[in-house]
Amino acid sequence: MTTKATPTPGVQLVTPKDHTLIMIDFQSQMSFATKSIDAVMLRNNAALVAHAASGFGVSTILTTVAEKSFSGPMFSEITDAFPGQALLDRTSMNTWEDAAVIERINEIGKNRIVLSGLWTSVCIVGPALSALDQGFEVYVIADACGDVSEEAHERAMERMVQAGVRPMTSLQYLLELQRDWARAETYDMTTGIAKKYGGAYGLGIIYAKTMFGASEGDHKASAAVAAE
């Protein structure tokens, strides 16, 4: 039997409404010892993820550990994307062992979890493996996580992938939420986030739009003109 292709997305692709994003322990004390990724890049990637989630209306949980007594506030690049949202502060290193976080996850009621935070080997491995054990589907945004060394980060990612976690990156997360440039209602927001936080890709968007008014959806209009 011949397999027939159809123009439909795969079920493993994330969409704005099918998952809960949990951003964990993006705090000063945790970032001081993070060496697997440059601190500026880490903050940039975390901001990209936060603003993508906020812009697309993704169910998002922000959680900290010992915010007032030890670790400090969550990065403002993240909290600015969710004005007025309460942060769930914990004592547990494993977010999945915190009753308030689990209560919120159950209130949201989605079976797909996306994680990012510090450190990969502790703050991300704990909830990732715990959620998998309880039947959740888990994604980790690898470049919006960091650890005390490249070795620590890579071994943590490897351990999670072997257990069934699906890795992705921050820019991939944004573009997967958009996924079609014909979605005009979120086009300006997506390209705006990319221009601000998308590194060289964002510079390319700025250049193309400034120099010749290019738009990622223009190929359809160009094709229609050519057909005439």
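Predicted model: local features only at pLDDT ≥ 70, side-chain atom pairs only at ≥ 80, totals over all residues.
1. **The core.** In soluble globular proteins, nonpolar side chains tend to be buried together. Here the largest nonpolar core has 58 residues. Those with the most contacts inside it include Leu-21, Met-23, Phe-26 and Ile-78. Helix 2 (residues 39-56) gives the largest share of this core, 9 residues.

2. **Ile-78.** Look at the neighbours of this residue. Leaving out residues up to four places away in sequence, Ile-78 touches Met-23, Phe-26, Ala-46, Ala-50 and Leu-62.

3. **Helix 6.** This helix covers residues 120-133, 14 residues in total. From first C-alpha to last it reaches 18 Å, close to the expected 20 Å. Its buried residues include Cys-123, Ile-124, Val-125 and Pro-127. The buried residues of helix 6 pack against strand 1, helix 1, strand 4, strand 5 and helix 7. After helix 6 comes Gly-135, with a positive phi near 90°.

4. Side chains of opposite charge can pair when their charged atoms come close. The whole structure has 8 salt bridges. In one of them, Arg-90 meets Asp-25 at 2.9 Å, N to O. Arg-90 is in strand 3 and Asp-25 is in the loop between strand 1 and helix 1, so the pair ties together parts 65 residues apart in sequence. Both Arg-90 and Asp-25 are buried.

5. **Asp-18 and Arg-112.** These two form a salt bridge, with the closest N and O atoms 2.6 Å apart. Asp-18 sits in the segment before strand 1 and Arg-112 in strand 4, 94 residues apart. Asp-18 is partly exposed at 24% relative accessible area. Arg-112 is buried, at 7%.

6. **Glu-137 and Arg-166.** Back to the opening question. Arg-166 lies in strand 6 and Glu-137 in strand 5, so the pair ties together parts 29 residues apart in sequence. Arg-166 is partly exposed too, at 27%. A network of salt bridges links Asp-18, Arg-112, Glu-137 and Arg-166.

7. **The surface.** Tyr-207, Met-211 and Phe-212 make a nonpolar surface patch of about 390 Å². Phe-212 belongs to helix 10 (residues 199-212). Its relative accessibility is 56%, so Phe-212 counts as exposed.

Notes: Residues numbered from 1 in each chain as written. Heavy atoms only, no water. Patch = residues over 30% accessible without salt bridge, like charges linked within 9 Å, V, L, I, M, F, W, Y side chains within 5 Å. Areas by Shrake-Rupley, 256 points an atom, 1.4 Å probe, with all protein chains shown as cover. Salt bridge = Lys/Arg side-chain N within 4 Å of Asp/Glu carboxyl O. Helix = DSSP H or I, 4+ residues; strand = E, 2+ residues; numbered from the N terminus. Buried < 20%, exposed > 50% of the residue type's maximum accessible area, 1.4 Å probe, protein only. Core = buried A, V, L, I, M, F, W, Y, C linked by side-chain atoms within 4.5 Å. Contact = heavy atoms within 4.5 Å. Expected span 1.5 Å × (residues − 1).
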